[in-house]
Amino acid sequence: MPHDGHDHDHQAVPSDPALRVKALETLLTEKGLVDRAALDEIVETYEHRVGPRNGARVVAKAWSDPAYLERLRADATAAVAELGYEGRQGEHMVIVENTDAVHNMVVCTLCSCYPWSVLGLPPVWYKSDAYRSRAVIDPRGVLADFGITLPDETEVRVWDSTAETRYLVIPRRPVGTEGLTEDQLADLVTRDSMIGTGFALSPAEAGR
């Protein structure tokens, strides 16, 4: 390659995002700028201890415990904290409940505000310009892209998350789940159902 006047080596950047992340992690670790063990701990936290399973437990308890649901309605931040889920990006929580008459969907039109404490890291599509713009102007079209078709009489409400408020959708409880435990109910709750771009699974879909 022609000399560009810089005294550094040129290296091709991998096109795959995962490879780019790995290359950056390796470079920073080799230079002593980050601790690999600390990175592994962060990944472990957000993949396993902070993630959609936390939100699923909140939803399952709301489905099975009317008193807990009332506490969620009154102060979702405090009620979610009862289960040990609090902290970064989950300080100001509000729940919205899906019913036969109303379907709620969450977006962040400015950036990607998202309740990390109960849903983990936001999916790529949630941060995309297409979702952030279309969710507001064409929510039924966006839902259709996710395979969700609602009756014409069902009202669709779109909630805009901000730095001050994070929303968690309580999806409709599937029929035929009356005898399930909270843990079994949590298995029916998907990440998308808590954003409003999906439904909770039926027991058959979850393999129960």
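# Side-chain pairs and helix faces in a predicted model

Q: How many aromatic pairs does a search of the whole structure find?
A: The model is a predicted one. Across the whole structure, the search for aromatic pairs gives a total of 6.

Q: What kind of pair do the rings of Trp-125 and Tyr-126 form?
A: The ring centres of Trp-125 and Tyr-126 are 6.3 Å apart, and their planes stand at 70°. Planes over 60 degrees apart count as edge-to-face. The pair of Trp-125 and Tyr-126 is therefore edge-to-face.

Q: Is Tyr-126 buried or exposed?
A: The relative accessibility of Tyr-126 is 1%. Buried means under 20%. Tyr-126 therefore counts as buried.

Q: What kind of aromatic pair do Trp-159 and Tyr-167 form?
A: Trp-159 and Tyr-167 lie 5.2 Å apart, centre to centre, with 40° between the planes. Planes under 30 degrees apart would count as stacked and those over 60 as edge-to-face, with the rest as tilted. In this pair, Trp-159 is partly exposed at 27% relative accessible area, whereas Tyr-167 is buried at 14%. The pair of Trp-159 and Tyr-167 is tilted.

Q: Which residues do ring pairs link into a cluster?
A: Trp-125 and Tyr-126 form an edge-to-face pair, and both belong to a cluster linked by ring pairs. The members of this cluster are Tyr-114, Trp-125, Tyr-126, Tyr-131 and Phe-146.

Q: Over the ring of which residue does the charged end of Arg-172 sit?
A: The charged end of Arg-172 is 5.6 Å from the centre of a ring. A charge counts as over a ring only within 6 Å of the ring centre, with a limit on the angle as well. The ring under Arg-172 is that of Phe-199.

Q: Which residues are linked with Lys-61 in a network of salt bridges?
A: Side chains of opposite charge can pair when their charged atoms come close. Lys-61 forms a salt bridge with Asp-65, with 3.5 Å between the closest N and O atoms. Lys-61 is buried, at 17% relative accessibility, and also lies over the face of Tyr-68. The network links Lys-61 with Asp-65 and Glu-182.

Q: How many residues apart are Glu-97 and Arg-73?
A: Glu-97 and Arg-73 form a salt bridge whose closest N and O atoms are 2.7 Å apart. Glu-97 is in strand S1 (residues 93–97) and Arg-73 in helix H4 (residues 66–74), so the pair links distant parts of the chain, and both residues are partly exposed, Glu-97 at 28% and Arg-73 at 43%. Their separation is 24 residues.

Q: Which helices hold Arg-134 and Asp-145?
A: Arg-134 and Asp-145 form a salt bridge, with the closest N and O atoms 2.6 Å apart. Because the two residues lie in separate helices, the pair ties together parts that are 11 residues apart in sequence: Arg-134 is in H8 (residues 129–137) and Asp-145 in H9 (residues 139–145).

Q: Where do the buried residues of H4 lie around the axis?
A: Tyr-68, Leu-69 and Leu-72 are buried in H4. They cover an arc of only 100° around the axis, which puts them on the same side of H4. Pro-66 and Ala-74 are exposed on the other side.

Q: Which residue caps the N-terminal end of H4?
A: A side-chain oxygen of the capping residue lies 3.1 Å from the backbone nitrogen of Ala-67.

Q: The backbone oxygen of which residue does the side chain of His-103 reach?
A: His-103 is found in strand S2 (residues 102–107) and counts as buried at 3% relative accessibility. Among the residues that His-103 touches are Asn-98, Leu-143 and Phe-199. At 2.7 Å, its side chain reaches the backbone oxygen of Gly-196.

Q: Against which elements do the buried residues of H8 pack?
A: Tyr-131, Arg-132 and Ala-135 are buried in H8. These buried residues fall within an arc of 100°, so they line one face of the helix. On the other side of H8, Asp-129 and Ile-137 are exposed. The buried residues pack against S2, H7, H9, S3 and H11.

Terms used. Residues are numbered from 1 along each chain as its sequence is written. This is a predicted model: local features need pLDDT of at least 70, side-chain atom pairs count only at pLDDT 80 or more; totals for chains, interfaces and linings use all residues. Side-chain values use heavy atoms; hydrogens and water are left out. Rings of Phe, Tyr and Trp (its six-membered ring) pair if their centres lie within 6.5 Å; planes under 30 degrees apart count as stacked, over 60 as edge-to-face and the rest as tilted. Buried means under 20% relative accessible area, exposed over 50%, partly exposed in between (1.4 Å probe, protein chains only). A charge sits over a ring if NZ of Lys or CZ of Arg is within 6 Å of the ring centre and within 35 degrees of the ring normal. A salt bridge is a side-chain nitrogen of Lys or Arg within 4 Å of a carboxyl oxygen of Asp or Glu. Helices (H or I, at least four residues) and strands (E, at least two) are DSSP runs, numbered from the N terminus. The arc is that of the directions from the helix axis to the C-beta atoms. A polar contact is a pair of N or O atoms within 3.5 Å; within protein, one must be able to donate a hydrogen and the other to accept it, and residues adjacent in sequence count only if both atoms are side-chain atoms. Contact means heavy atoms within 4.5 Å. Lists of a residue's contacts leave out its neighbours within four places in sequence.
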